[in-house]
Structures are given as C-alpha cells and as structure tokens.
Amino acid sequence: MPDELSSQVTKLLERWRQGDEKAPAELVPLLYQELRRLAHYHLRSERPDHTLQSTALVHEAYLRLVGSASVPQDRAHFIAVASRLMRQILVDYARGRAASKRDGGCRIMLDDLDAMGIDGDSDLLALDDALSELSRIDERQGKIVEMKFFGGLSAPEISETLGISRATVDRDWATARVWLHRQMSRKEKV
Amino acid sequence: MKTERWESLKDLLHQAMLLAPEKRDSFLDKVCSSDRSLRGELESLLAAEEDLRSSFMQSPTLADELLAGAGNPVSDGKLSPAQTFAQRFRLIRRLGQGGMGQVWLAEQISPVRRQVALKLIKAGMYDEAVVRRFRSERQALAIMDHPAIAKVFDAGTTEQGQPFFVMEYVPGVPITDYCDQKTFTIGQRLELFAHVCEGVQHAHQKAIIHRDLKPANILVVEVDGKPVPRIIDFGLAKAVAAKADDETMFTQLGSFVGTPGFMSPEQADPTSVDIDTRTDMYSLGVVLYVLLTGVLPLDVSIRGQPLAETLRKLREEEPQRPSTRVSSDCASSTAAATARGTEPAQLVGLLRGDLDWITMKALEKDRARRYGTPSELAADIHRYLNHEPVLARPAAVSYRLRKYARRHRVGVSVAVVLALLLVGFTVLQAAQLRRTTRERDRANRERDRATRITDFMTGMFNVSDPDQARGNSITAREVLDKASSSINQSLQNDPDLRAQLLMAMGRVYDNLGLYSQAQSLHQSALDIRQRIFGPKNFATLGAAEEVSWDLSQLGRYQEAENLSRSALDVARQALGPDDPYTLNAMYNRGWILGLQGRFGEAEQVDRETVDRRRRVLGPENRDTLNAMNNLAEALQDQGKYAEAVALQQQTLAIQRKVLGPDAQGAVDTMTNLGVSLSAEQHYAEAEKLYRDALDIDRRVLGPEAPNTLRIRLDLAVNLHEQHRFAESEMLDSQTLEIARRVLGSTHPHVLAVMNNIALTLENDGKYRESENVYRQLIELERNTYGPDDPRTLATSESLGEVLMDQNRLTEAKKILEDTVVVERRVLGSDNPATSLTIYNLACIAARSQRPQEALSLLSDAVEHHLKPESMLQIDQDTDLKSLHRNPKFATIVARAKAKAAGQQKLN
C-alpha cells in the first residue's frame with residue numbers, strides 16, 4: 001500500500017514548495033521505484049498492441065502517490081522529477097529490448113513526438129542521445145524538453161517550476177524541437 | 001556547438017520562425033550579413049522546421065506556445081474599448097477569447113447603427129490563402145437566415161490584413177448552462193434541442209457545416225420570456241481553415257481548430273479526407289448527451305494525455321449509454337438529476353430506452369449509421385415527446401438476432417423478435433398442425449381398429465387434455481403418472497391394446513409438454529409393435545413417428561431425424577412414395593430438419609410434400625394446406641419472407657374457402673402470416689391479422705383457452721415490435737395471470753408467457769427485471785421439465801445473455817459454460833442452440849480482451865451449424881468489434897457467410 005510512501009512524497013513536495021532545495025533529490029529514490037513498477041506493469045501488459053504513454057504513466061503515478069486534490073505547484077514539481085526518471089526507465093527498457101531484438105510487445109509513445117515520427121525503441125534511443133547532446137549545450141533547454149516530452153507539463157507549469165519567464169519557455173521549446181529534429185535526421189543519414 | 005553561440009543562434013532562429021516563409025530570406029540577409037556558417041546553420045534549422053511543419057499534426061500546446069506571444073504588431077493585445085476598428089466599428093468591450101481569436105462587442109457606425117459582435121482572427125491563424133478563402137465564404141455565410149442561427153452580417157479585413165467577422169451580438173448563455181440554471185426537465189431540454197437541430201438543418205441545406213458545434217457556440221436568449229437558441233460561429237471554422245484542397249481542421253501552421261470533447265471521430269482521424277454534414281450530427285449528439293446527463297460521453301481532457309491518445313479515444317472508444325452513465329457515475333448523477341428537476345434513479349429511468357437509442361445513434365462512430373440530417377434527429381425527438389415509436393431503436397432482428405436463436409426451443413409460440421420469432425413459432429405451430437394432421441389422417445383412413453381405440457382412449461383422457469381443460473393440469477398429471485406406472489403391470493396378454501394405451505397416454509404427456517415421459521411411453525409402444533407387427537407396419541411407423549416427435553421436442557434432433565428418415569424410407573418402400581402415410585412421414589421429416597437448422601434441406605423436403613399432396617390429395621385438402629404452412633415456415637427460417645407471405649396468403653384463402661373462416665387451421669395460418677408480415681415490417685397488417693385471429697379463437701374456443709392465450713402472446717409481441725411497449729407488457733402480464741390461473745403455474749403456455757415477458761423487459765433495457773424473471777423461469781423449468789430439457793437450457797442461455805447485457809461478464813461466462821456442457825451432452829455439438837451458446841461465449845471473450853479465445857470459439861460456432869441469420873451478422877455484432885483488426889476474424893466472417901449462403905442455396 002503506497003500510503004506511507006504517499007505521505008512521504010506529499011511531505012517532500014510541500015517542503016519543496018516552501019523552498020527547500022534539497023527536497024527534489026530526496027524525491028528521486030521514492031519515485032523511481034513507483035515509476036519503474038508502473039512502467040513494467042504497462043510494458044508487460046498482455047495486449048500486443050499496447051501503447052505506453054509516458055505522460056499518462058507519470059500522471060497515473062502522480063494520482064497514486066499524491067492524489068488529484070492537491071496544490072498544482074506540487075504537481076508540476078512532481079512531474080519535473082518524474083519525467084527525468086521516466087526518461088531513464090524507458091531508455092533502459094528500450095536498450096534492453098534493442099539488445100535482445102525481442103519483437104512484439106509494447107510501443108512506447110511520447111507526447112508530441114508522433115509528428116516527428118518517433119516510434120520504436122531505436123528512435124527513443126536516438127532521441128535520448130540527441131536530448132543528452134542538447135542538454136550539454138543548454139542544460140535548461142534540455143530540462144524543458146524532458147518535462148514536456150516525458151512529463152507532459154504545460155508551458156506555464158514549466159515556467160513556474162524552473163522559475164523562468166513564459167516567453168523563455170516558449171522560445172526554448174520551439175527551437176529545441178527544431179534542433180532535435182535536425183539532429184535526429186542527421187543521425188539517420190549516417 | 002558552444003553554449004553561448006547556441007544562445008544567440010536560438011534567438012535568431014526563433015525570430016525567423018515567426019516570419020512568414022517568404023520573408024525569411026531577407027531577414028537572414030540582414031542578420032547574417034557575411035557570416036556564412038551562421039547562415040548555413042540557420043538555414044538548415046529552418047529547413048528542419050519546414051519539415052516538421054508539414055507533418056501532419058502537432059499538439060495544440062505547441063501551436064499555442066508558438067503563437068502566443070507571437071509579436072505581430074497588429075495583434076490583439078493592442079485593442080482597447082472606445083477604439084475605432086476597421087473604420088466602421090467602435091469597440092465597447094471584450095466579450096471573450098476563443099481558439100480563433102478575440103471577440104469584441106462593438107457598435108457598428110455605418111452603414112447602419114447596431115450592436116454587433118466582432119470576431120477577430122488572431123495573428124498566426126491566417127495568411128494570404130486564408131484571407132482569400134475568407135472572402136469567398138462571406139457570401140455563403142451571409143445568406144443564412146434562421147431564428148436559431150446567429151446572423152453573420154459581414155466579413156472583412158483590416159488595413160493590416162487581419163480578417164474579422166461581423167456577427168449578430170447574442171447576449172445569451174451556453175445552452176447547457178441555461179438549462180441547468182433554469183433546472184429544465186428532460187422534456188424542456190429536448191424541446192430546446194430540437195430547435196437547435198432545426199437551425200443546423202437550415203445551414204446544412206445551404207451546404208454550410210459548422211464543424212465546431214458545442215454548448216459554447218449554442219447560446220440561448222430569451223425572447224418574450226421564451227428560450228430561443230442561437231448558434232454562433234457557423235461556418236467560421238471552414239473560412240479560417242487554410243488548406244484549400246482538403247477540408248481538414250488543421251491550419252497551415254499545424255494548430256488544429258476544434259474542441260476535442262465535441263469533435264467527431266472522422267475529425268479525429270488524420271487519414272479521413274472529407275468532413276461532411278454528419279460531423280455536425282455527431283457534435284449535436286454530444287451536446288444532447290451533455291444536456292441529458294451533465295457529462296461528456298468520452299473523457300477527452302487533453303491534460304495528462306497525449307494528443308494522439310485523445311484522438312484515438314475519439315475514434316475508437318464507445319461511450320456508455322446515457323442511462324448507464326448516469327447510473328454508474330454516482331459522483332455527478334445527483335447534481336445532474338437536481339439540475340433536471342428529478343432524482344438520480346428517476347433520471348436513469350427517463351433516459352433508459354428511447355433516449356438512450358436516440359443519443360447513441362447520433363454518436364455512432366460510423367457516420368453512415370448516424371442520423372442523416374438534423375431534422376431526422378429532431379423528428380425522432382418529437383416522436384419521443386409524443387410517445388410514438390422512435391426510429392433509432394435498433395431493429396431487434398439485426399441488433400439482437402443471435403439472442404433469439406434459442407427461443408424456439410422453449411416451445412414458445414412467439415419470441416419477441418422477427419427471425420427468431422419465426423423459429424419459435426414453427427415449433428408450436430408445427431406441433432399443432434402435425435397433431436391435427438395425424439388425427440385427420442387417421443379419421444379419414446378408417447383402416448385400423450387401433451385407430452378407433454386410440455381415439456376412444458384419448459377421449460377417456462380428454463379431461464386432462466389442456467387444450468380442453470379448464471382446471472389445473474397438475475391434477476391431470478397425477479392421474480396420468482399413476483396410470484402410466486400401472487400400465488406396465490396390466491394388459492400383459494394383450495400387447496396390442498397395451499401399445500395403444502401407451503400411445504394415447506404418451507400423447508397426453510405431449511400435450512402437457514412433458515416430452516420425456518411421453519417419449520418413454522411411446523418408445524415402449526414402439527418396441528411392442530416392432531415385436532408383434534414388424535418394422536413395416538403402419539402402426540409401428542405411427543409409433544416411430546411419435547417417438548421421433550418427442551425426441552425432437554427434447555432437442556435430440558439427430559436421433560429424431562434418424563428415426564424419421566428410416567420411417568420415411570420404410571414407408572416409401574412398403575407403401576409407395578405417394579401414399580398419404582408416406583407423405584406424413586415426409587412432412588414430419590421436413591419439420592425435424594427445420595428444427596435442426598437445416599432449412600435448405602427442410603425446404604426441399606417440404607416442397608416435395610406439398611407437390612405430392614397437392615397431386616394426390618388435392619390442392620384444397622387439409623393435409624396439403626398444412627404442408628404449405630410448413631413450407632412457409634421453412635422459407636421464413638431462411639429469410640425468404642416474401643415467398644412465405646405469398647404462400648401463406650394463398651393457404652389462408654383456401655382454408656377460409658374450404659374450411660370456413662373460423663377454422664382453427666385458418667387461425668393458425670393467420671398467426672403464421674402475421675409473423676412473416678412482421679418480418680417484412682408490415683406490423684400494422686400483422687396486428688390486424690392477430691386481432692382477427694384472436695377474435696375468432698376467443699369466440700370459438702373461449703377467452704381463456706390455451707390457443708387464445710397463445711395468440712394474445714403473439715399480439716403482445718407485435719405491439720412490442722411497434723414500440724407500443726406499455727400495451728405489450730400489459731397484455732403479457734394479463735395473459736400470464738390468466739394462464740397461471742387456468743393452466744397452472746407450470747404449464748408450458750404459462751412458462752412461455754414468462755419467457756416473453758422476460759424478453760420484452762430485456763429488449764426494453766430493463767435488464768434487472770428481466771434477469772429476475774429468467775431466474776424464476778429456470779427454477780420452474782428445472783422442476784417441471786428437468787435440468788436437461790432444451791427449454792431449461794434455452795432459458796439459462798437467455799439468463800447468460802441478459803447478464804452480458806449488464807456487463808456482468810464473469811457471471812455470464814460461468815452460466816454459459818455450464819449450459820454448453822449440458823447442451824453438448826444432450827443436444828450434440830452440431831446443434832444451432834449449442835453453437836449459439838458458444839457464439840455468446842466468444843462475445844464474452846472478445847469483450848474481455850481475450851481475442852485468441854474469442855476467435856477460436858467463434859470459429860467453432862461457425863463450423864457447427866450456427867444459424868444462418870446469425871452467421872450473416874457476425875461482422876456487425878458490436879460485441880466482436882475488438883476482433884475486427886485481426887485477419888483471422890475476416891476469414892471466419894467469410895466462411896460464415898459462405899456457409900449461410902450455401903445453406904440457402906440448397907434449394
């Protein structure tokens with residue numbers, strides 16, 4: 001029963017809200033287990049055409065651990081951490097599958113990426129690489145993308161969480177997409 | 001790439017992205033001047049952006065982000081009250097902000113002074129192409145003139161090229177809010193909604209589709225105290241949509257215009273290429289749903305779901321019926337009920353049935369199955385309000401066909417619905433006719449002492465013959481049981497007489513519907529006769545025929561058919577092919593083939609019987625007429641209703657002439673004809689026949705005679721088909737009351753009525769009540785007929801189905817699995833009834849996400865004589881929808897159709 005876990009998470013989110021900068025780090029191990037569990041559950045689902053949506057999963061985790069009737073700020077914070085973890089989990093999974101060439105199973109879908117044709121384990125890994133590259137050049141931009149892709153946070157929420165202006169978020173997001181697209185298509189040609 | 005370089009690059013990139021494509025080159029010239037690497041970098045990124053843009057769809061959030069804060073100098077943030085706009089308007093105040101842009105209340109200064117609503121199309125949503133298109137739409141929009149549609153006076157562009165609409169200012173409230181505020185009842189809401197439909201109809205006739213119908217666009221104002229709907233924004237979506245070549249909802253920039261909750265499935269489908277008026281139909285359906293229940297049919301909040309998932313839901317997920325939704329969604333139902341001036345339970349009751357059907361028809365995923373026009377929808381709503389039958393209710397035969405395939409074996413003369421109704425009818429009708437055939441044959445023949453004695457015996461037992469009884473059949477039963485046990489001891493010296501008595505008593509058991517006991521008595525008679533007369537004797541054959549009849553009643557069709565076939569062979573050999581007795585055997589065989597579902601073969605045999613009897617006995621002979629009736633039933637069973645009707649009409653005409661209009665044979669044909677006419681949907685004609693038949697039997701046999709009661713049942717079914725449910729249920733319950741009193745609570749007719757009532761309730765959506773009746777019925781049948789009797793099995797199958805209706809799949813599965821075990825044992829695997837149960841199990845598996853199981857069960861059912869009507873409808877059965885994408889499903893469907901066609905071709 002995640003009740004105890006749930007109250008721990010809620011407390012940490014509250015501390016974060018009140019300005020405790022160490023809270024996010026403490027959240028990570030708590031969330032990681034829960035997210036992995038959820039991800040595995042969905043990924044192992046018996047339906048062959050099952051699609052895993054990262055943001056839906058994060059949302060589900062949030063509901064389980066914190067509940068829907070809480071402070072919006074807490075949600076954004078939660079998702080900020082969760083989205084990074086989700087990215088890790090999914091990439092691990094994709095690597096595992098790519099390595100063993102297992103077919104069938106689960107398609108992983110990430111928010112907003114359909115238009116970019118990202119559909120499959122190798123694409124996810126390519127995205128991960130590209131995103132890591134982007135984060136190296138511009139760490140904040142990478143975070144924004146992560147929160148959007150893997151966590152489904154909206155621009156206002158991202159702006160709130162990171163403490164930057166809305167305009168910055170919009171601009172970073174728009175240009176990141178373009179850069180990632182180019183990066184990934186180049187990789188393809190190679 | 002270095003971080004600092006990226007910072008400045010990012011900035012430039014972003015600025016360039018905001019420019020129209022043709023302006024970018026000059027921008028790059030300006031900012032890059034001679035920096036070739038910078039330019040190269042920017043160009044490649046912009047190329048990537050172009051690539052992204054042209055892909056199919058992007059998320060609304062992205063588009064919003066891209067566009068919000070777009071720094072177009074003429075943009076919206078700059079407007080303020082009292083400002084003059086486009087030279088002719090003075091802005092008063094901002095009314096709101098929509099997906100397309102701002103809406104302002106303004107005063108038009110010239111050419112006329114009036115208050116208008118100005119709808120501005122925001123920056124980023126238009127370009128040259130849009131503006132051009134916009135201008136051409138003006139004309140179309142201006143010609144609409146209907147009280148329910150807010151007028152679009154004009155459309156124009158500012159000096160800077162920003163498009164705007166000038167519309168009638170509607171100081172109204174969204175329709176859903178209005179109804180809630182006024183706590184409008186369901187009836188009041190429907191009236192209002194019907195007006196909305198009329199408005200949309202007007203627009204559609206002018207070839208203008210709204211595409212974004214939702215409560216926010218359907219405002220209600222009060223004119224002289226009466227609520228009047230006004231639909232706003234008609235045609236705006238199309239005008240703004242930029243792609244001129246296909247009518248999609250996506251602008252060139254990829255942001256999509258549409259409100260997910262109200263979007264039609266085809267709008268949510270990226271591959272669909274055209275949107276037509278039926279898209280508005282769907283949105284109207286959603287609005288209706290919300291008006292009735294207070295909630296959206298599908299949960300499509302974008303938040304927390306990727307867009308693709310939202311759209312997929314819209315395309316694929318079936319919403320719950322309004323009544324189901326309200327009854328299951330306790331959180332919102334109290335509020336919803338209060339807003340409608342009622343209680344949750346009552347609200348569910350109001351919605352269940354016709355309103356459910358109307359709403360669901362408007363919300364069909366397949367747009368071909370929705371209402372064709374808004375006026376059709378309005379018409380059905382008016383029908384509902386006037387308590388007339390609603391067209392949306394699915395024709396029971398196509399919707400429920402598989403359900404009723406069982407009914408005939410309950411020995412019920414009629415079932416609630418068409419094809420199955422026919423089969424059910426066949427049994428009792430054929431039984432009646434057969435019986436009469438035998439009697440008349442024997443009376444005519446005067447060949448055999450046995451015959452006379454049998455008659456005498458039957459006469460002695462007449463008091464316990466329910467067809468003439470007024471008393472409790474249980475008493476008769478006791479008498480009979482006693483007699484049948486004592487007969488084994490007596491008459492050892494006169495086996496001939498003993499056999500005759502056995503035959504007679506068996507016949508009485510038959511009349512009581514106790515076929516198992518009848519069969520054993522008849523079998524004993526057969527054994528005796530075979531021993532003393534040999535197999536080729538007429539009396540022996542007679543006994544064989546009785547046994548075969550009993551076996552068929554017990555559902556042991558193969559044994560019955562074997563016996564009837566060998567009896568026929570013997571008769572042919574011993575008596576010749578045209579001997580009336582041989583023809584009896586042929587008649588019998590045809591009927592049994594019908595029971596087995598081998599309708600094509602049955603038709604062949606029946607035709608031969610009719611032809612020969614016509615030739616040998618004459619076209620007006622009673623036996624000939626009976627055979628014609630039998631043939632008609634075989635035709636009905638194959639869906640050849642037109643032929644059946646013609647034949648029955650012919651038969652009826654002769655019967656009336658030869659036997660007199662009040663003859664029982666004529667009455668039977670009348671009810672049969674009623675069934676065929678109903679199959680062709682001539683319900684009113686059928687009703688007339690039933691009423692006439694009822695009058696005759698009431699007069700001739702008495703108002704409480706079993707046959708009279710049976711016709712009442714038929715009439716109740718007919719009323720049900722005409723959606724006169726209240727009358728139908730009342731007739732059924734009255735009949736049930738009489739039947740219980742007259743025949744005893746375990747009499748087949750009584751149980752038949754109960755079955756009908758359960759069916760009516762089920763078809764009416766009253767699943768709980770239906771379930772209760774079925775459960776009672778099973779108990780009675782178990783005690784009366786035994787747990788292995790086909791009727792008991794049929795009822796447990798029905799119970800399984802009504803549990804499926806309530807989505808109690810686990811319970812249904814248990815019951816059906818138990819049933820199928822017994823069916824396999826008792827009826828055999830090649831039996832339509834067994835196959836139907838397996839089919840239902842397939843449906844359960846499909847609904848429970850076990851596709852492999854479902855497919856294998858389905859295949860099983862198809863291979864083992866599933867009824868042709870069911871086989872032809874497999875691909876339309878909504879329960880099996882989840883299998884549609886599986887290639888194996890298509891194979892099975894093809895096979896089923898081939899089989900069904902093959903069976904029909906057998907003639």
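How many of the 190 residues of chain A count as buried, as a percentage? The answer is 55%, where buried means under 20% relative accessible area, exposed means over 50% and partly exposed lies in between (1.4 Å probe, protein chains only).

Some ground rules before the points. This is a predicted model, in which local features need pLDDT of at least 70 and side-chain atom pairs count only at pLDDT 80 or more, while totals for chains, interfaces and linings use all residues. Residues are numbered from 1 along each chain as its sequence is written, chains are lettered from A and ligands numbered from 1 in the order in which they are written, and side-chain values use heavy atoms, with hydrogens and water left out.

1. **Chain A in outline.** Chain A has 8 helices and 2 strands; here helices (H or I, at least four residues) and strands (E, at least two) are DSSP runs, numbered from the N terminus. Read from the N terminus, the order of elements is α-α-β-α-α-β-α-α-α-α. If you take the contacts in chain A between residues at least 6 apart in sequence, 68% of them join residues at least 24 apart, a contact being heavy atoms within 4.5 Å.

2. Strand S3 (residues 102–108) of chain B runs antiparallel to S4(B), and 6 bridges join them; two strands pair if DSSP finds at least two bridges between them. The hairpin from S3(B) to S4(B) passes through 5 residues. Of the 7 residues of strand S4 (residues 114–120) of chain B, 5 are buried.

3. **Two loop residues to look at.** Most residues other than glycine have a negative phi. Thr183(B), however, has a positive phi near 40 degrees; Thr183(B) sits in the loop between helix H6 (175–181) and H7 of chain B and is partly exposed, with a relative accessible area of 39%. Asp224(B) likewise has a positive phi, near 55 degrees. Asp224(B) belongs to the loop between S8 and S9 of chain B, and with a relative accessible area of 77% Asp224(B) is exposed.

4. **Helices H14 and H15 of chain B.** Which way do H14(B) and H15(B) run, roughly parallel or roughly antiparallel? Helix H14 (residues 354–362) and helix H15 (residues 374–385) of chain B pack at about 175 degrees, with their axes 11 Å apart. Axes are lines fitted to C-alpha atoms, for helices over the stretch in contact, and angles run from 0 to 180 degrees between N-to-C directions. The two helices are therefore roughly antiparallel, since angles under 35 degrees count as roughly parallel, over 145 as roughly antiparallel, 65 to 115 as roughly perpendicular and the rest as oblique. Asp354(B), Leu355(B) and Ile358(B) of H14(B) meet Leu377(B), Asp380(B), Ile381(B) and Tyr384(B) of H15(B). By class, that contact has 5 nonpolar, no polar and 2 charged residues (Ala, Val, Leu, Ile, Met, Phe, Trp, Tyr, Cys and Pro count as nonpolar, Asp, Glu, Lys and Arg as charged, and the others, Gly among them, as polar).

5. **Helix H22 of chain B.** Helix H22 (residues 538–553) of chain B is mostly covered, with 16 of its 16 residues buried. Its end C-alpha atoms are 23 Å apart, close to the 22 Å expected; the expected span is 1.5 Å times one less than the number of residues. Just after H22(B), Gly555(B) has a positive phi of about 80 degrees.
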